[in-house]
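Colleague: I would like to learn how to read this model. Can you take me through it feature by feature?
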Number of protein chains: 4
Amino acid sequence: MQVDFSNQTTLRVRYGETDQMGYSYYGNYAEYFEVGRVEALREIGMSYKSLEAHGVMLPVSEMHVHYKTPAKYDDALNIETRIVEIKGARISFNYTIRNEEDAIVATGSTILVFVSKETMRPIQPPKVFTDVIEKYYV
Amino acid sequence: MQVDFSNQTTLRVRYGETDQMGYSYYGNYAEYFEVGRVEALREIGMSYKSLEAHGVMLPVSEMHVHYKTPAKYDDALNIETRIVEIKGARISFNYTIRNEEDAIVATGSTILVFVSKETMRPIQPPKVFTDVIEKYYV
Amino acid sequence: MQVDFSNQTTLRVRYGETDQMGYSYYGNYAEYFEVGRVEALREIGMSYKSLEAHGVMLPVSEMHVHYKTPAKYDDALNIETRIVEIKGARISFNYTIRNEEDAIVATGSTILVFVSKETMRPIQPPKVFTDVIEKYYV
Amino acid sequence: MQVDFSNQTTLRVRYGETDQMGYSYYGNYAEYFEVGRVEALREIGMSYKSLEAHGVMLPVSEMHVHYKTPAKYDDALNIETRIVEIKGARISFNYTIRNEEDAIVATGSTILVFVSKETMRPIQPPKVFTDVIEKYYV
């Protein structure tokens, strides 16, 4: 299913996230994407924590990042997260990170897989999740 | 230029790198790739540290990761890093991470850009670097 | 000088911060303390970023942490930061981190040193800083 | 019991571990101490991984760090870890980190607690552990 849902959230670049170039280290963006993803799921009404409580894990199977403008210490970054597709056991998210001057810092995407904690095998998205997301199907 | 150079290095998954799924967090792979890249450059004879001392930075402009098999705490991971291409100001690396059973944990790639510390603009790879890498041009 | 100033700020435990015990890894608390410290300085009116812009760095010389109750994924932690003393080139902060049930997650302290970026030597706190903090001297 | 056992291990400061001061971020030392601790336990013959497999966790209850000389990118750090005491459910480690010029980068200590995974309560060190460490009692 194609999905049309987006969430905006904000975080500040921490000092420990900078590197000696003076920029936020490129490895931090996976965590920034995760913050966006977690807030998107929370807004939909099915937090990632509840999903795990329902016996479902969502490991990441692919990540792509395009770095555009360096993020600097103490920048307040806006993370826009779009849920774009659910297909079989897979769910796709796109991300756009902007700084306070509205310049694009990075864009990216991830594909995650619904996995049963019990069997450790991919599964269809659980009903508790499709119940809350189906209103965003397009 | 197409390049044919590869390096193998090993690292152990640290406890702090695991998450509550019991796997190495997906955001750590950027750092694992960097460890591989740094050792590849060191083996070629031009460490990343020397590059910076020559006024050249190498920020990452793209990263792609495919996660195959979870890495677990204390796994000794083998990182194979291939330098595959230098084109204008850009240099491309491919990575394959394997565990002790020789299963593929992840594959990925990054594109980095040679940037002058003085002007902060993309530049051709400096002569000190092409001098050591040109023997691997194919 | 003894100082009496405190700030409260909140952060959420990120998934990548958990470890396979299911708790926020003990190494993250340095970063949590830093978030508290940065917000305390911002509230006083002299952000850490401005301090660096004035040629002053604040490296940490000591840290002490007592871990009381594990913090878990998605917990919203309250960080209370107290500036307690400025003595020569040194400034001391105390921290108390609480979870949503108001249980104490951790307490700790850090001592930081005012250092000139130019000489890399310890210096007295700069006037731009004492101007804003002296109203909290006790 | 007082214990007299020490282990030496080495690690390289990663680029992502530096901050914009150009030093390894102060929060990384918890992870450096953990690397030392893990190698000390491995040398004794009871890896931390085996301990967890025996149903025992070792959360940290206290950490103290004194930062002496900044560690820089690509520095090969020597971590000396001493197991100093086992008292009730608690085990104490001391650490000294040195750089390639043999300057002391940091010293520190941690206290960890043996905890049953089943009951989540502190327990006496398990026999599999005391069997291997008792030869170092003093």
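Modeller: Start with a term. Helices (H or I, at least four residues) and strands (E, at least two) are DSSP runs, numbered from the N terminus. Two residues are in contact if their C-beta atoms, placed from the backbone, lie within 7 Å. Axes are lines fitted to C-alpha atoms, for helices over the stretch in contact, and angles run from 0 to 180 degrees between N-to-C directions. Now the case: helix α1 (residues 29-44) of chain D lies across β1, β3 (60-67), β4 (76-87), β5 (90-98) and β6 (104-113) of chain D. The helix runs at about 120° to β1(D).

Colleague: What should I know about the numbering and the source?

Modeller: This is a predicted model, where local features need pLDDT of at least 70, side-chain atom pairs count only at pLDDT 80 or more, and totals for chains, interfaces and linings use all residues. Residues are numbered from 1 along each chain as its sequence is written, and chains are lettered from A and ligands numbered from 1 in the order in which they are written.

Colleague: What is the secondary structure of chain A?

Modeller: Chain A has three helices and seven strands. Along the sequence the pattern is β-α-α-β-β-β-β-β-β-α. Its radius of gyration is 16 Å, close to the 14 Å that the globule rule gives for 138 residues, so chain A is as compact as a globular protein of that length. That radius is taken over C-alpha atoms, and the rule is 2.2 Å times the number of residues to the power 0.38. The C-alpha atoms of chain A fill a box of roughly 45 × 30 × 20 Å along the principal axes.

Colleague: How many of the residues of chain A count as buried?

Modeller: The share is 42% of the 138 residues. A residue is buried if 20 or more other C-beta atoms lie within 10 Å of its own, with C-beta atoms placed from the backbone. Sequence separation is another reading. In chain A, 70% of the contacts with a separation of 6 or more come from residues 24 or more positions apart.

Colleague: How do I read a sheet?

Modeller: Strands of a sheet pair through backbone hydrogen bonds, either parallel or antiparallel. Here, two strands pair if DSSP finds at least two bridges between them. One open sheet has ten strands with antiparallel pairing, in the order β1(C)-β4(C)-β5(C)-β6(C)-β3(C)-β3(D)-β6(D)-β5(D)-β4(D)-β1(D). β1 (2-12) of chain C and β1 (2-12) of chain D stand at the edges, each with a single partner strand, so one side of each is left without a neighbour in the sheet. Neighbouring strands of this sheet are turned by 15° against each other on average, direction ignored.

Colleague: Which residues show the pairing of β4(C)?

Modeller: β1(C) and β4(C) pair in the antiparallel sense over nine bridges. In β4(C), Ile79(C) is the bridge partner of Thr9(C), and Ile83(C) is that of Phe5(C). On to the next pair: nine bridges join β4(C) to β5(C), which run antiparallel. Glu80(C) has Thr96(C) in β5(C) as its bridge partner. The hairpin of β4(C) and β5(C) has two residues between the strands, and Gly88(C) takes a positive phi near 60° there.

Colleague: How do I read the symmetry between copies?

Modeller: Superpose one copy on the other. This is done by least squares on the C-alpha atoms of residues with pLDDT of at least 70 in both. Chain B can be laid on chain A with an RMSD of 0.0 Å by a turn of 180° and a shift of 0.0 Å along the axis. The two copies are thus related as by a two-fold rotation axis. In chain B, the C-alpha nearest that axis belongs to His64(B), 2.2 Å away. The same surface serves both copies, as 100% of the contact residues of chain B recur in chain A.

Colleague: What makes up the contact of chain B with chain A?

Modeller: Each chain gives 15 residues. On the chain B side, α1 (29-44) and β3 (60-67) each supply at least two residues. β3(B) brings the largest share, eight residues. By class, this side of chain B has nine nonpolar, four polar and two charged residues. Ala, Val, Leu, Ile, Met, Phe, Trp, Tyr, Cys and Pro count as nonpolar, Asp, Glu, Lys and Arg as charged, and the others, Gly among them, as polar. β3 (residues 60-67) of chain A and β3(B) pair in the antiparallel sense over five bridges. Glu62(B) is the bridge partner of His66(A).

Notes:
A residue is buried if 20 or more other C-beta atoms lie within 10 Å of its own, exposed if 12 or fewer, and partly exposed in between; C-beta atoms are placed from the backbone.
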